[in-house]
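My entries follow in the order I made them.

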Amino acid sequence: MQPESADFDLPGVTPSRQKRSRETTAALLETGAEMLRTRSLAELSIEALCTKVGATVGAFYSRFESKEAYFNALIELAARDGARGLSRLIENEPTAGGSLAGLCRLLIHGLIGWMRNHEGVLRAALQHDDTRPSRWTPFKGLARAATGHATPPLLRIMGKGREAAKTRAIAFGFQVVLGTLVNAILNNPGPLSIHDDEMEARLSGCLLLLLEAEMKAPPRKARGSRGRTK
């Protein structure tokens, strides 16, 4: 995905007013993100990246303070794209037809589409989460934002009553979905990959079943009661 010119206002990235220079910056970012689909961050050679783009290593370092700053820019761009996608999803809520199944499909389709677009950057960030946890922080925030944005329209369809329990079910549903997708990106254990259409269908169905189960569930006892009655 080609970064927008407004996206280049990033820490560690030297801004440029010249169109050709901006195009080179965009090409370096886009090509690097694509290369990370098949290699780790450590394996991403700046020399190989510049050769693919047709730029010099000097041109790279005139734009990015370091390889670390370059990768941070890739993470920030992916996070910004995710935030824009969230806004579009909520705007498109009417296309779900007012059904819980339709809205679940819409949400999962948007989430998986974003993760597919930024698969290499996401995997690289996850691989370095233990040593540099700040790299994954923007995506953790985005995951919380996705849950927060999805909760009001889902609650409207799920109906009145037991709002706290339903809200918790929605949050858990997204935890299940995101955990499955993160594992698919990082480990690809199978049987489904993030690129399989069946993954989207099954996760949509999984989220739907979790929410429908909560809608049918009887009121739960307060936590810590251990079944005692007064």
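**Entry 1**

I started with α2. The buried residues of α2 pack against α1 (19–35), α3 (57–63) and α4 (67–91). Contact here means heavy atoms within 4.5 Å. Helices are DSSP runs (H or I, at least four residues), strands likewise (E, at least two), numbered from the N terminus.

The model is predicted, so I noted the limits: local features need pLDDT of at least 70, side-chain atom pairs count only at pLDDT 80 or more, and totals for chains, interfaces and linings use all residues. Residues are numbered from 1 along each chain as its sequence is written, and side-chain values use heavy atoms, with hydrogens and water left out.

Which residues of α2 are buried? I found Ile-46, Leu-49 and Cys-50 buried in this helix, which spans residues 46–53. Seen down the axis of α2, the buried residues fall within an arc of 95 degrees, so they line one face of the helix. That arc is taken from the directions from the helix axis to the C-beta atoms. Thr-51 and Lys-52 are exposed, on the face turned away from the buried side of α2. My cut-offs: buried is under 20% relative accessible area, exposed over 50%, partly exposed in between (1.4 Å probe, protein chains only). Gly-54 follows α2 and has a positive phi, near 85 degrees.

**Entry 1: the whole chain**

I then stepped back. The protein chain has nine helices and zero strands. Of its 230 residues, 43% count as buried. I also checked contact range. Among contacts between residues at least 6 apart in sequence, 70% join residues at least 24 apart.

**Entry 2: aromatic rings**

A pair of aromatic rings is described by the distance of the centres and the angle of the planes. I used rings of Phe, Tyr and Trp (its six-membered ring), paired if their centres lie within 6.5 Å; planes under 30 degrees apart are stacked, over 60 edge-to-face, the rest tilted. How many aromatic pairs does a search of the whole structure find? It finds four. Phe-64 and Tyr-70 form an edge-to-face pair, with 5.0 Å centre to centre and 85 degrees between the planes. Both Phe-64 and Tyr-70 are buried. Ring pairs link Phe-60, Tyr-61, Phe-64 and Tyr-70 into a cluster.

**Entry 3: the largest pocket**

The largest pocket has a volume of about 570 Å³. Leu-111, Trp-114, Met-115, Leu-142 and Ala-146 are the closest to its centre, out of 27 lining residues.

I wrote down the method. On a 1 Å grid over the protein atoms alone, a pocket is an open set of points with protein on both sides within 12 Å along at least five of seven lines, whereas a cavity is a set where a 1.4 Å probe fits but cannot get out; lining residues have an atom within 4 Å of a point. Points are joined across faces, edges and corners, and the volume is the space filled by probe spheres set on them.

Which helices supply the lining? α4, α5 (100–117), α7 (137–158) and α8 (163–186) each supply at least two residues. α5 gives the most, with eight residues. The lining divides into 16 nonpolar, seven polar and four charged residues. Ala, Val, Leu, Ile, Met, Phe, Trp, Tyr, Cys and Pro count as nonpolar, Asp, Glu, Lys and Arg as charged, and the others, Gly among them, as polar.

Leu-178 is in helix α8. Leu-178 counts as buried because its relative accessibility is 17%. Leu-178 touches Leu-111 and Ala-143, not counting residues up to four places away in sequence. From Leu-178 to Ala-143 I get 7.8 Å, C-alpha to C-alpha, across 35 residues of sequence.

Glu-76 is in helix α4. At 28% relative accessibility, Glu-76 counts as partly exposed. The C-alpha atoms of Glu-76 and Pro-11 are separated by 9.5 Å, though the residues are 65 apart along the chain.

Where does a cis peptide bond occur? I found it joining Gly-190 and Pro-191, with omega about 5 degrees. Pro-191 is in the loop between α8 and α9 (197–216).

Asn-188 is placed in the loop between α8 and α9. Asn-188 is not a glycine, yet has a positive phi of about 45 degrees. At 46% relative accessibility, Asn-188 counts as partly exposed.

Arg-162 is in the loop between α7 and α8. Its phi is positive, about 50 degrees, although Arg-162 is not a glycine. Arg-162 counts as partly exposed, at 26% relative accessibility.
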